[in-house]
Structure formats: structure tokens, C-alpha cells
Amino acid sequence: MVKNKANFKIKNKLSPLTIALLTVLTVYVIFMLALFLWAVITACKKYSGDYSSTDSSIANNIVGLPKQFYLFENISKLNEGFADFTLIEMAINTVLYSFGCSFFKVVVTCVVAYLCARYENWFSKIVYTAVIVTMIIPVVGNQAAEIQLANLLGLYNEIWGMWLMRANFLGMYFLVFYSVFKTMPKGYYEAAKIDGANDMQVMIKVALPLIKYTFLSIFLILFIEYWNDYLIPNLYLPAHKTLSLALYHQSTGQELNAQYKREMSRVPALMASVLVVTVPVIILFCIFSKRLMGNLSVGGLKG
Amino acid sequence: MTNTNGLKLNKKAQTMDKGAKIFYAILMAFPVVQFVLFYIVVNFQSIGYAFMDSVESSDNKITWFFSIKKITDWFTDPYKVKDLLDTAKMSLLYYGVTLCVSIPLGLLFAYYVFKKMPFAGLFRIFLFIPSIIPAAASVLMFKYVLNEVTPILFGTNALRFDTNPLGNVIFYNLYVGFGTSVLMYANKMFDISPEVIEAGKLDGALGIKEFWHIVLPLTFPTLSVFLVTGVATIFVNQYNVLMFNVSAEYDPLGRYLYDLAFASTKSERNVPPAAALGLILTIIAIPLTFGVKYLLDKYGPSED
């Protein structure tokens with residue numbers, strides 16, 4: 001009986017569907033690792049700024065290992081082509097943009113969700129309805145008008161302006177916080193009230209500590225989203241180049257050069273830039289992978 | 001008596017004292033102002049711009065006036081009509097591939113993870129990673145490996161990115177698109193009661209039958225969210241073509257709209273065409289979204 005069960009299990013696991021999926025997934029992983037490996041190896045190769053040179057070491061060694069280690073020299077070329085920004089400045093801009101936007105967004109969302117869940121009045125119902133309605137109704141192409149408004153309010157081209165513009169309570173994360181606060185026993189709040197806590201103390205000392213992991217998960221997801229973003233900074237922050245935006249400009253500018261040798265000579269610098277932008281995200285993922293992956297559920301996250 | 005008291009107590013508990021009202025008002029003030037400014041005002045302003053036109057005098061003074069020309073241009077100007085049709089065609093192609101390939105594959109991969117088949121945990125991580133890697137970085141890696149490495153490894157130019165840009169852009173978007181969806185489908189599948197799976201097994205639902213008759217219907221609410229919200233992506237998703245820097249013939253609507261928004265950063269006079277197109281697309285997107293939702297509610301599989 002036991003043997004039969006074991007045989008059934010193995011047969012089930014090695015069905016044609018399993019084998020097919022295993023094959024596809026293995027190829028997928030190998031392909032992904034190959035991309036990274038090539039980027040890392042290439043980032044360590046010699047960079048040649050001399051575009052007229054036909055003896056660029058990268059052009060003659062596209063898939064081989066680097067003969068010498070040039071990674072840090074290549075990283076220093078990240079700002080080439082837009083000398084107004086140093087690598088440090090771009091890194092600071094990126095951290096300020098991603099940390100600020102994600103932090104203010106998550107704080108505002110969390111606080112508004114708390115207020116709506118805790119105080120069930122007519123205004124909370126309007127706010128809740130507004131969130132649902134804006135989620136269902138897709139509004140397309142209002143960015144041009146938003147840019148004009150940002151200009152008018154003096155927020156355009158300012159990192160703190162982006163913090164303000166992104167500090168809204170709309171979207172699925174509101175529903176995540178709302179459902180967590182809603183399921184929290186009311187006895188917690190009442191006990192704190194009896195102990196003499198005011199409304200602010202109840203929120204800060206009772207409610208918020210109970211949702212710290214949900215808060216962290218959403219903050220991390222948003223942080224990575226903003227870190228990776230080059231489209232919005234390209235529109236709203238032309239004077240504050242971020243690392244992803246620099247990479248975008250560097251790659252497209254470079255691709256305007258059609259000559260193969262000229263293009264390849266800059267690839268090590270480009271791949272070094274790729275590593276600069278990617279490695280912090282990979283480190284974050286390694287530290288918080290369970291938090292990032294474990295909390296994702298229907299329509300977003302669960303608490 | 002008890003009920004009445006209970007009701008009174010509940011009402012009292014829900015009534016806010018003065019301190020609570022002040023606390024509520026102070027904390028709500030900023031979010032509400034922010035919402036009014038950056039959602040309501042922006043959208044009304046966008047509608048307003050759609051019905052405006054301008055002339056610039058010799059001394060660079062801009063005069064605005066009411067006009068529906070910027071809207072009608074999208075139906076009458078042959079160049080704009082062509083741009084719109086071409087980009088809409090590309091958007092539908094990218095969306096269609098997502099619908100027909102990415103979603104079914106994502107569900108199958110999620111099922112693989114759910115059934116804890118060989119290396120399921122590892123694949124779960126590797127399927128997620130591309131979705132957190134900056135697109136600016138992964139597009140470059142993808143493009144250069146295809147362009148420069150595959151000819152050396154395979155001795156042919158057939159796999160080069162430049163040989164088939166459209167196919168490769170579609171392939172890339174499939175490659176990076178699994179992460180979040182697989183995770184969400186799998187998490188939803190993990191919510192399925194083991195008793196339901198066991199009962200299915202007793203009835204002979206194994207392998208693909210189990211997936212089709214038990215797992216898929218119970219994962220449908222998550223799939224439905226993706227399908228409904230996915231409608232809007234037809235109009236806004238750029239499918240990374242900006243980063244790929246491919247020829248304009250492969251641009252979807254999202255990229256076209258982005259370019260219009262970018263032009264508006266140079267001059268306010270460029271805002272009306274973008275706002276007009278946005279309004280037209282929103283008018284199309286709203287009923288389309290509700291239509292998809294209606295169809296899924298009516299004809300989609302029931303969890304029961």
C-alpha cells in the first residue's frame with residue numbers, strides 16, 4: 001500500500017506536464033543567470049573611450065573572461081555624457097527620490113486607512129468610495145495636465161515636489177491597510193483609551209506597531225518601484241538625474257552611434273552602470289525576500 | 001432591552017468627541033488637499049485642456065481659447081489617425097500576447113509552485129527576480145546578449161535582437177512579466193483548502209484535470225483582477241520600447257502618450273493634444289473595463 005502510494009507520487013511528479021514545465025523553467029533560469037553573468041564579466045573588462053580605436057579589447061573578447069579587472073574604472077564612467085552630475089549626486093538623487101516618494105506614500109496611505117477604519121463616519125465613507133472609484137475607473141493621459149499643475153505650484157523639477165505629488169492614499173495599498181485595521185480588535189483601542197491615551201497615542205502606540213510588517217512590505221515594494229523608475233524622473237525631474245534615468249540616457253545616447261566598434265567599446269561602462277543600478281535592489285531582495293514575496297496576494301498584498 | 005442598549009452603546013462608541021474630531025481633521029487635511037489637487041483638479045484641468053487651443057503672437061504671448069479642434073484632429077488629421085491606428089494595433093498585439101501566452105503560462109508556473117514540484121521554491125524566486133530588476137538594466141543586458149553574444153555562441157545572426165526587434169520585445173516582456181502574477185496566483189492557490197484537493201482526487205481529478213476543474217476556478221478571482229485591471233494597460237503600458245529604443249513602428253499607445261506628455265514639458269501649447277487623446281482613450285477605456293468585468297462576472301467560472 002505504502003509502496004503503491006510512493007509510486008503514485010513519483011508518477012504524478014514526473015508527468016509529461018511536470019517535465020515540460022521543469023524544462024521551460026530550467027531554460028528560463030539558465031537564460032536569466034547567463035544575462036547576469038555576462039553583464040558582470042563585461043563590466044570588469046577594459047573600457048575604451050577612444051571611439052576611433054579599432055583595437056578595443058571588448059570588441060575582441062565579447063564572451064571571454066576579462067584579462068584585467070576594470071570594474072571600478074568602468075563605474076566611474078557612469079556620468080559620462082552628462083558631466084553636470086557626478087555618480088555620487090545621482091546616487092543621492094536616487095535615494096532621495098525613491099525613499100521620499102515611497103515613505104510619504106506609505107505613511108499617507110496608512111494614516112488615511114487607519115482613520116477610515118477606526119472612525120466610521122460619513123467622511124470616511126466618502127474617502128473609501130473615492131479609493132474604490134479611482135481604482136475601477138481608468139484615467140488615461142492626464143500627465144501633461146499634472147506637469148502643468150506641478151509647474152504652477154512650483155513642484156516641477158523638485159524632488160520634494162515629487163514627494164508631495166506621490167503622497168496620496170489612492171490604490172490597492174489603501175485596501176490592504178484598511179482591511180488590517182478593520183480586523184484589529186476594537187478592544188485594543190478601548191483599553192488604551194481607558195488607560196488615558198489620547199487619539200494620537202492610540203494610533204502611534206497601539207495601531208501602528210501592530211502593522212509594522214505590512215508597512216515595511218509595502219514600503220519596500222514601493223521603494224524598489226521608485227528606484228527602478230526612469231520614466232517619471234525623465235518627465236518631472238530633468239535637473240535631478242537618477243541612476244536609472246542616467247542609464248537610460250547613457251544607453252540611448254550611445255546607441256545613436258551606429259558603428260559597431262564604437263558601440264562595443266562603451267559596453268563595459270554600460271554594464272558597470274547596470275550593476276550599479278541593479279546590485280542595491282538585489283541586496284534588498286536578498287535581505288527582505290520573504291517579506292517581499294510572502295505578502296503578495298489577491299490584488300496586491302495581505303497583511 | 002439588551003438590543004436597545006447595545007445599539008445605544010454602538011452609537012456612542014461611533015460618536016467622535018471633540019478631541020477625536022480635531023485629531024481626525026488634522027490628519028485628514030493634507031491627504032484630502034493632495035487628492036483634490038492631484039486627482040480632481042488635474043483631471044478636470046486635463047478635460048479643460050482637451051477643449052482648448054492657443055495662438056502665439058509675435059511677442060511670444062500665448063492666447064488661449066475654447067476649441068474642439070484638438071479632439072477632432074485625432075479623427076480627421078491623416079497623420080494623427082495613422083499614428084493612433086498604428087500604435088493601437090501594436091498595443092493590441094502586445095496585450096493579446098500577454099493574454100494568450102503570459103497569463104496561461106503564469107498560471108501553469110503557479111500551479112507548478114503550488115504542487116511543490118521539483119525545485120518549486122527556487123523557481124518561485126527566479127520567476128520573481130526579473131520583476132524587481134530595473135528595466136533600464138535588464139533591457140540592456142537582454143539586448144546586448146542577443147546582439148553580441150548569440151552570433152558568437154550559435155554562429156548565426158538569427159537570434160540577434162536587431163534581426164527581429166518586435167519578436168524580441170514581445171519575448172522580453174514575457175520573460176520579465178511572470179514574477180508578480182505567478183506569485184499572486186500561487187499565493188491564491190495556497191489558500192485552497194487541502195480537503196477540496198483531496199475530494200477532487202477521490203473523484204479522479206489529477207494532474208491537468210485537477211488544475212482545470214479545481215485549481216483554476218478557485219484562482220479565478222485573482223485572475224479576474226488581473227484581467228480587469230489589465231484592460232487599462234492597453235492604453236498606458238509602454239512594454240519597455242522606450243528603453244529598447246526600437247523603431248517607431250513598434251511603439252504602443254503608452255509610448256505615444258508618453259511622448260506627448262514629454263512634449264508638454266517643453267511648452268504648455270503641447271498640452272491640449274495630449275489631453276485630448278487622453279480624454280478620448282479614457283472614454284474608450286471606461287466602458288471596456290466595465291464590459292470585461294461584466295463578462296467575467298457573468299461567464300467566468302464560479303468558486304462554488
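Predicted model: local features only at pLDDT ≥ 70, side-chain atom pairs only at ≥ 80, totals over all residues.
Biologist: What is the class of B:Lys116, buried or exposed?
Modeller: B:Lys116 also is not a glycine and has a positive phi, of about 50 degrees. Its place is the loop between helix H4 (78–114) and helix H5 (120–132) of chain B. Because 10 C-beta neighbours fall inside 10 Å, B:Lys116 counts as exposed.

Biologist: Which residue takes a positive phi in the hairpin of E1(B) and E2(B)?
Modeller: Strand E1 of chain B and strand E2 (residues 62–66) run antiparallel and are joined by five bridges. One of the paired residues is B:Glu56, whose partner in E2(B) is B:Ile62. Five residues lie between the strands, and the one with a phi near 65 degrees is B:Asn60.

Biologist: Which elements of domain 1 of chain B give two or more residues to the side that touches domain 2 of chain B?
Modeller: Chain B is assigned domain 1 (16–66) and domain 2 (69–299). Their contact takes nine residues from domain 1 of chain B and 10 residues from domain 2 of chain B. On the domain 1 side, the elements giving two or more are helix H2 (18–50) and strand E1 (52–56) of chain B.

Biologist: How far apart are the centres of these two domains of chain B?
Modeller: The centres of domain 1 and domain 2 of chain B are taken over C-alpha atoms. On that basis the separation is 32 Å.

Biologist: What is the radius of gyration of chain B?
Modeller: Chain B has 13 helices and two strands. For its 304 residues the globule rule gives 19 Å, and the chain is well over that, so chain B is more spread out than a compact globule. The C-alpha trace spans about 85 × 80 × 35 Å along its principal axes. The radius of gyration is 26 Å.

Biologist: Which helix gives the largest share of the side of chain A that touches chain B?
Modeller: In this pairing, 71 residues of chain A are in contact with 80 residues of chain B. The chain A side has 47 nonpolar, 19 polar and five charged residues. Its largest share is 11 residues, and these come from helix H2 (residues 16–43) of chain A.

Biologist: Which residues touch the most other members of the largest nonpolar core?
Modeller: This core has 118 residues, and helix H5 (residues 87–118) of chain A gives the largest share, 12 residues. Leaving aside neighbours within four places in sequence, the contacts of B:Ala136 include A:Tyr230, A:Leu247 and B:Met243. The residues touching the most other members are A:Phe177, A:Val274 and B:Ala136.

Biologist: How many residues are in the second, separate core?
Modeller: Among the members of this second core are B:Val113, B:Phe178, B:Met184 and B:Ala186. The core is separate, and its number of residues is 22.

Technical notes:
Residues numbered from 1 in each chain as written. Chains lettered and ligands numbered in written order. Domains from an automatic or database assignment. Contact = placed C-beta atoms within 7 Å. Helix = DSSP H or I, 4+ residues; strand = E, 2+ residues; numbered from the N terminus. Nonpolar A, V, L, I, M, F, W, Y, C, P; charged D, E, K, R; others polar. Rg over C-alpha atoms; globule rule 2.2 N^0.38 Å. Pairing = 2+ DSSP bridges. Core = buried A, V, L, I, M, F, W, Y, C linked by C-beta atoms within 7 Å. Buried ≥ 20, exposed ≤ 12 C-beta atoms within 10 Å, placed from the backbone.
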